[in-house]
Amino acid sequence: MGRQGLRARRGRGLGAAVDKTQARLMSVDYLRVVLAAFVVVAHSGLARETFRTWGDAGLVALATGNSVLRVAVPVFTLIAGYFLASVLRRARLSDWVGHLLVLYAVWSVVYLLFLWPYYTNRPLGLTATELTLGFMHLWFLEGLAISGVILGAMRLLGSGAVVASAVVLGLVGVALQYARMAGLSEMPVEHYRNGPFYLYPYLVMGWLMAVHPPRLSTALLWAMVAGGLALTIGESLYWLRRIGEEPLLEIPVGHLILCPALLLLVMRLRMPDTALPLGRAAAGIYVLHVIVLQGLPKLGVDHPGVTAVLGIALPFLLVWGVSLAGRRHRWLSRLF
């Protein structure tokens, strides 16, 4: 096993793997970096700025871009569920959940300090509500922790209860989303784009991949990717034409087909080992990119393409530098 695999097995950060066999899945670590880049591009507004003036072709392009870029959160969650199986086998769920919540608290404080002028002019109760429901893009950390707790509890009742709970909560999330987008409800997006209604079904699927490895042919997986992507683009295009760009589809049904198949295909790839801390770098890009995207315009750098590239590169270089610093700054690596 290479140095990256050994570090992944020992690490406890968001980007770390937790099992000797799973740590060898280098393709998953490469995928994590790609997914983190998707998040940055989506948040940079680059796609909207590019496609907005294209007319009908722009709508199709925006629907396609939204469908592709939004695989990041579901696939990240699938990966977390896959590795969570090892955590549950070793009865370390409380450590896993606790670490995620500590990361959520620490990075929430960082962002509150970074955006201090803005938040000092807002009601304290509103900020407290945001922190409870999921603060900015950091909601993923809190939602993942909550989903892990639900999975741990349902697992005590058997695999059937886990699957049933995932189906029920997933259906509720999709229904709440469609009700809002159809104008039948004014429920805020944070009430359904969260741990139980959005992340939990994907966490369960990832867990199932680990405990009951699926035996699907490569041809079938590619067909699932193509079919799931087509369905997702169709969903997105329907809502874009019906209600416009706000809000874009958050929880496409097609992703339930596309994302698991995509992860299974990537897991079959043999990628070269590397000393680069890919897993932690992906986590660093995720938690840090908003500071870069919002900070650069204050320095006069406001082109979406440039900020997107730097939103990926600067956190990657920071995490790499921390990893090279070694034992002297090991506490910093625990933040990713």
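**Overall make-up and helix H7**

A: The protein has 17 helices and zero strands. The model is a predicted one.

Q: What share of the residues counts as buried?

A: Of the 336 residues of the protein, 49% are buried.

Q: What about contacts across the sequence?

A: Taking contacts between residues at least 6 apart in sequence, 81% join residues at least 24 apart.

Q: Turning to H7, why does its end-to-end distance agree with its length?

A: Helix H7 covers residues 93–114, and at 1.5 Å a residue its 22 residues should span 32 Å; the end C-alpha atoms are 32 Å apart, so the two agree.

Q: Which residues of H7 are buried?

A: Among them are Leu93, Trp96, Val97, His99, Leu100 and Leu103. Further along H7, Tyr104, Trp107, Ser108, Tyr111 and Leu112 are buried as well.

Q: What covers them?

A: The cover includes helices H6 (72–89), H8 (116–119), H9 (124–133), H10 (139–155) and H15 (278–295).

Q: How do H7 and H9 cross?

A: Their axes come within 11 Å and cross at roughly 145 degrees. H7 passes H9 in a right-handed crossing.

Q: Which residues make that contact?

A: H7 contributes Tyr104, Ser108 and Leu112, while H9 contributes Thr127, Glu130 and Leu131. By class, this contact has three nonpolar, two polar and one charged residues.

Note on methods
Residues are numbered from 1 along each chain as its sequence is written. This is a predicted model: local features need pLDDT of at least 70, side-chain atom pairs count only at pLDDT 80 or more; totals for chains, interfaces and linings use all residues. Side-chain values use heavy atoms; hydrogens and water are left out. Helices (H or I, at least four residues) and strands (E, at least two) are DSSP runs, numbered from the N terminus. The expected span of a helix is 1.5 Å times one less than its number of residues. Buried means under 20% relative accessible area, exposed over 50%, partly exposed in between (1.4 Å probe, protein chains only). Contact means heavy atoms within 4.5 Å. Axes are lines fitted to C-alpha atoms, for helices over the stretch in contact, and angles run from 0 to 180 degrees between N-to-C directions. A crossing is left-handed if the near helix is turned anticlockwise from the far one by less than a right angle, and right-handed if clockwise. Ala, Val, Leu, Ile, Met, Phe, Trp, Tyr, Cys and Pro count as nonpolar, Asp, Glu, Lys and Arg as charged, and the others, Gly among them, as polar.
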